[in-house]
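Keep the 3D view open as you read.

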Amino acid sequence: MAQSSSPLSGVADRYAQSLFELARDDGAIETVESELLGFQRLIDENVDFRRLVESPAFSSDEQLRAIDAVVREVGPSVLTGNFLRVIANNRRLFVLPGIVRAFRKMAAAHRGEIEAEITSAHPLDEAQRKELAEAIGSYAGKTVTMRESVDASILGGLIVKIGSRQIDTSLRTKLNSLKLALKEVG
């Protein structure tokens, strides 16, 4: 994965690791994870907050004052609030989305879970979802959390990503392989 070797990902991973260890020691992994997801939603849904997080134009004092106000308004745990203040003070708010992703992976691993990204041509029904989760779980030897997306362009089948592994049984990929094989024959 190219993302994991980028310098920004390394910074996000180090901050997430530190936060994870503090949360684990406090028995607050679920609380911190939930609060981080709330801040990720805020980034996704609030243009002003997203600008604060992403823009290098704000000084560390401006970022710290803004984060302090948001923390007072939202009211997260002391650990999450102090963590956000530290990354604002260090001018690292721009890595917050990466920190959230890394923390979620650490929390899932801690719980013995693995995340699978599922892409299907049509939404899965409950029976298909259950059968797929069981199949992936027996393959991985862990409890599976599935993130599902629909992409009609794959025509049929599934694309399953687990960590850096990808299993592509999509009809689009099979048709492309068939086209290549026919070109070689002809």
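Ile159 stands opposite Asp168 in strand S4. The model is predicted. Strands S3 and S4 pair in the antiparallel sense, over four bridges. Two residues lie between these strands in their hairpin, and Gly163 takes a positive phi near 60° there.

Now turn to the other pairing of S3. Strands S1 and S3 also run antiparallel, with five bridges. Here Val160 in S3 is the bridge partner of Ile118. How enclosed is strand S3 by the rest of the structure? Four of the five residues in S3 (residues 158-162) are buried, so the strand is largely enclosed.

Next comes S2. Strand S1 (residues 113-120) pairs with S2 in the parallel sense over eight bridges. Within this pairing, Ala116 stands opposite Met146 of S2. Strands in a sheet pair through backbone hydrogen bonds, in either the parallel or the antiparallel sense.

The four strands make an open sheet in the order S2-S1-S3-S4, and the pairing is mixed. Strands S2 (143-150) and S4 (165-168) are the edges, each pairing on one side only. On average, neighbouring strands of the sheet are turned by 20° against each other, direction ignored.

Finally, look at the surface. Leu155, Leu171, Leu175, Leu178 and Leu182 form a nonpolar patch there, with about 450 Å² of accessible area together. One of these residues, Leu178, sits in helix H9 (residues 171-185). Leu178 has a relative accessible area of 47%, so it counts as partly exposed. The cut-offs for that class are 20% and 50%.

Definitions and conventions. Residues are numbered from 1 along each chain as its sequence is written. This is a predicted model: local features need pLDDT of at least 70, side-chain atom pairs count only at pLDDT 80 or more; totals for chains, interfaces and linings use all residues. Side-chain values use heavy atoms; hydrogens and water are left out. Two strands pair if DSSP finds at least two bridges between them. Axes are lines fitted to C-alpha atoms, for helices over the stretch in contact, and angles run from 0 to 180 degrees between N-to-C directions. Patches are made of residues with over 30% relative accessible area and no salt bridge: like charges are joined within 9 Å, nonpolar side chains (Val, Leu, Ile, Met, Phe, Trp, Tyr) within 5 Å. Accessible areas come from the Shrake-Rupley method with a 1.4 Å probe; for residues, only the protein chains shown count as cover. A salt bridge is a side-chain nitrogen of Lys or Arg within 4 Å of a carboxyl oxygen of Asp or Glu. Buried means under 20% relative accessible area, exposed over 50%, partly exposed in between (1.4 Å probe, protein chains only).
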